[in-house]
Each structure stands twice: as C-alpha cells, then as structure tokens.
Amino acid sequence: MLISRAVVDDNIPMSTATRQSPAPATGKTAPVTAQTDAAQSTKASPPPAALTEPPVSRTTTPQTEFESEASRWVQRSPGRSGHAVRERDAMIRTVQARVFGRDPEFKHYYNCIDELRNTRTSDYMFATPFDLHRWYKVFERLRWGGQFVFTSYDADQVHKLAQVYASRGFVIEHPPAYVRHPVMGMYLPGLGRKVHYFVARRVHLVRPGEVSMRFTYDVYLKHEPRAEQGYVVAKQVPDLETVMLRLKQRFPEAKTDFVETQAKKLIDTIFPVFLTREAAFLKILQRDLPEAYRNRVPRAVYVEKDNRGFVSKLHLNWLRKSGPPISQIDFALQAADLLDKLHEQARVIHLDLRLDNFVVTEHGVGFVDYGSAARVGENIAQSPLLDKLFQEMMKASQIQRMLAKMTSSGLVTSQYFTGSHQKVDKAADLFYLAVQIDKPHSNPDIKEMVRYDASSEEARLISNLTEHVLRPNDPKRPHYSSARNILEALLKIKERLR
Ligand SMILES: Nc1ncnc2c1ncn2[C@@H]1O[C@H](COP(=O)(O)OP(=O)(O)OP(=O)(O)O)[C@@H](O)[C@H]1O
Ligand SMILES: [Mg+2]
C-alpha cells in the first residue's frame, strides 16, 4: 500500500547507493550468444522464483468437430487443381475488393503473398474451404492483432467456423455476412454468386489451452473504438487458475495447497505492486522523455485500481509492429538512442530489456513492459517489501543469470558489468543491449522485423562492438559505460557502412 502510494504519487525515493567494487574477471571462451527469449527460462519480472520458466508446454492440440469436417472437404475438394485455384482466388479477390477495398488498415498491413503457404507470420490470412486451415495454425502464423478472413460459398460453414474462432483467442471483427461476385466485371446489386465470409482478429498472445511461461500478466488486445488503431493493449493481473497452472508446471512435485498459497500471494500482492509501479513509470516516461521519443514507449490510457489503491488493470496504446524490416544497424542505433534517453532524461532503468520487450513500430524501435523498472538512484532498500521483491526478482532474472554465466566463462570482463551483478543498475540494460544488437534474430517476433545476415560486414562490425563493450582491452577502465558511448560507436559503424 505504502509502495503503491509512493510510486503512484510519483515520489519514487532516490537512492544514495554507490557502486560496489567489481568482481574479478576470469578467462576467455567462446563467442557471445544470446538465447531465444521464448526459450529462456527466466526473466527479470515478477514473480521472481515462482515463475522461472520451463520451455513452453502445450496441451493436446485441439481439433474441433468442425475442423475435422473441414479437412474432409479439403480431401473431397479437387485439391489444388486449376478449378480449385481459380475458385479460391476468385472468392478471396471478391472479399478483398468488397470488404477491404477502402480499409486503411488493410492498405497499410496487407502484403499480397499467399499467407497459407508462407512460413512467416503476417497481418492477414485468407482461407477458403479449399485450404486446410486449423485455427491453432492460423493463430501461430498471424501476428498479434492480425486478421483471419474465411470465405466460402456455404453460409453454414462460415457461421460454424466463426464460432470456433470466437472462442479461440480471436475476436470476430466482421460477423458472418456475404458479398457477391462481380458479373461481367461489375458488382451488381442482387446479381452474382454469394460469397460468405467472416473476419476474426487474433487478440490473445498465447493460444487458449497453452500454458506459457513467457509472459507474466494477462495481456490481450481490447477493442476500443476511440483508440488510434481501434484497439488498446490490456494488461492485467492473471486469474488464480492460470497462475496455479503455471506454478504446477514449474513445480510438478509441489502440493496443491502450497501452490495455491503461492499463487494467491502473487495475485494479491506481487503482481499488483509491480503493475502499480509500471503505471507510475509510464507517467514518468511521458513526462520526462523528449517528445520525439514518447511514442516509442507505451502510454497508459486507462488505469483500474483495486480497493487498496493497487493497479489491477492497465490499458496501453498499442505500439503495433509495422512496416518493412529495418537493418541491423538501424535496429541497434534506435535501441541505443532510446536507451540513452530512458537512462539520462527519464532517469529510468528498464531491467528487463529482453527482445520480448522490444517493438519495431512506424516511429522506430520501442521498449514495452516497465513492470520491473526502477528509477536511477532509487533506494529500493527503503521499503522492506520492495527490497525483498527486487532481490528475488534479481535472483530469478534471466539477464542477471546470463551476466553471471558469461562473467564466469570470461565472456564478460568489463568491470562496469561484473561489478553490477544482482544490482538495480543501468549496467543491466547496457549489458543486454550489447548482447541483443549482436543477435537480433534470437527472438522469433523481432526476427521478421530486422534484416540480419551473420556473414555481413554490418553484423561483423556490430559483433566486434559487442565484444569490446563486454571484454574491453582494459577491464578496469572500460570505455563503454553508457548507452551514449554505444550509440556513438554505432553511429561510426553506420558511417563506415555507407
Ligand atoms: N503497448 C504495447 N504495444 C505493443 N505490444 C505490447 C504492448 N505492451 C505489451 N506488448 C506485447 O505484449 C507482451 C507482453 O506484455 P508485457 O511484456 O508488458 O507483459 P509480461 O511479459 O506479462 O510482463 P513481464 O515481462 O513482467 O512478465 C510484450 O512482450 C509485447 O510483445
Ligand atoms: Mg514482458
């Protein structure tokens, strides 16, 4: 309560803490490698020990009655014969023209590739009964917020499938309806064969039925007509059942009573405390970041509090992934630049700067998820509860564990980093920035937004920089100890690449 009020009132205490003497560096080994965010087992976010992450596990792949029926149509249908291809294309073309013809979102995000054969994720997928389209495959191949459009001559199929999607992590954007094929190239009222369709948007991050350790909170897209994109990101404390499932998965041996007590603690105290802090940090960012950078971090558009004053739900503007992929050097430059402003102007340390929390938006690279953030110089120890939570968080932090591992194997020798282990310090952000810009493809979502070729001159120069940041010639007097230093070095690389 005290913490909550303190941070909400924006009076985050300032610290008098000084950096402790650095740990000694050890020998050298193999090159730096970043792990895939999705596969990493822990992260610097609440809850600490409890939600350390095993690999994502899936419940059995669900198949509805409808879908088995759908696969039979596909077998019965002429397959990809000339006729089927023509019919399929005609249905999709008609719906695209008549439903999406003037849709600005479609214009902006649709790229006309065959989404069902494409292996990359996309913002639109079109399917007909001629295509085998299981909802969970569609879910995986659509970006978060992407739309699935099903078209068929059979109204009943469309209605049934819309119901399936409505209960599987999608919202129905356009309920079942029909448009008509053109006749002699013209759309004539009442004439032309009916093409039925519905449109569903993927709003969940994780497939229903899947227990994912990748995210802590319940995060989904919520329709909000007044929002810029028509949607906001809702972030809320997850329910007891979800948390218990995750804990059980993590600790299969634990007794149900114990799991329940832990889950309640997380839901009642830990999650609300950190969500309350996040809401406060978002305010600080909008106030203290230079204006040009404010649209690269989320803004809270709605805050809901419980009766103790803790934030239980946040609505954020949606920093939608968009546009063609950017180069590795631009990705690195924009990230370093934003981090510099975050540290030096907003005086905020992110502490969970995994690629999961990066977005590539039309305004540039952005960072989301300030759930683990701290103020530069914040005296965490001043509040016993916060102190304990941060200590646990640090212990569970995947970034901290990687730092420890790389320090002991000699991959990190700079005393700027080795001396900051387990501390609430800007060094944690810098360490991870250096690792991430070197391997931007270690996260599947970011992979599609950044062009990266390990054998390129660009990749070699950035790798070299990362190496110098982490293992400087003189570990006691490292040159790189701020985002600005890294930014300057990246600018030189960009110049060289011209
Ligand atoms: N405002 C936003 N705009 C775009 N994407 C967002 C936004 N907020 C969150 N996301 C996406 O949702 C994911 C989960 O949100 P977030 O990281 O805030 O919660 P979390 O992962 O549950 O928190 P924690 O890392 O504390 O466990 C992010 O990794 C990001 O992909
Ligand atoms: Mg996150």
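Biologist: How many bridges join strand β2 to β3, and do the two run parallel or antiparallel?

Modeller: In this predicted model, 5 bridges join strand β2, residues 122-127, to β3, and the two strands run parallel. Within that pairing, A127 stands opposite F150 in β3.

Biologist: Which strand is joined to β3 by 6 bridges, and in which direction do the two run?

Modeller: That strand is β5, residues 194-202, which runs antiparallel to β3 and is joined to it by 6 bridges.

Biologist: What is the order of the strands in the open sheet?

Modeller: The open sheet has 4 strands in the order β2-β3-β5-β4, and its pairing is mixed, as the parallel pair of β2 and β3 and the antiparallel pair of β3 and β5 illustrate.

Biologist: Why is one side of β2 and of β4 left without a neighbour in the sheet?

Modeller: Because β2 and β4, the latter spanning 170-180, stand at the edges and each has a single partner strand, one side of each is left without a neighbour in the sheet. From one strand to the next, the twist averages 15°.

Biologist: Which helix packs on this sheet, and which strands does it touch?

Modeller: Helix α6, residues 155-166, packs on the sheet and touches β3, β4 and β5, while its direction makes about 170° with that of β4.

Biologist: Is β3 mostly covered or mostly open, and how many of its residues are buried?

Modeller: Strand β3, which covers residues 142-152, is mostly covered, with 10 of its 11 residues buried; for the protein as a whole, buried residues make up 42% of the 498 residues.

Biologist: Turning to helices, what describes two packed helices?

Modeller: Two packed helices are described by the angle between their axes together with the distance between those axes. In the case of α9, residues 328-344, and α15, residues 457-470, the angle is about 35° and the axes are 9 Å apart. On the α9 side the contact is made by Q328, I329 and A332, and on the α15 side by E458, A459 and I462; by class, this contact has 4 nonpolar, 1 polar and 1 charged residues.

Biologist: How many helices and strands are there in the protein, and what percentage of its contacts between residues at least 6 apart in sequence join residues at least 24 apart?

Modeller: The protein has 16 helices and 16 strands, and, among contacts between residues at least 6 apart in sequence, 70% join residues at least 24 apart.

Technical notes:
Residues numbered from 1 in each chain as written. Chains lettered and ligands numbered in written order. Predicted model: local features only at pLDDT ≥ 70, side-chain atom pairs only at ≥ 80, totals over all residues. Buried ≥ 20, exposed ≤ 12 C-beta atoms within 10 Å, placed from the backbone. Contact = placed C-beta atoms within 7 Å. Pairing = 2+ DSSP bridges. Axes fitted to C-alpha atoms, helices over the stretch in contact; angles between N-to-C directions. Nonpolar A, V, L, I, M, F, W, Y, C, P; charged D, E, K, R; others polar.
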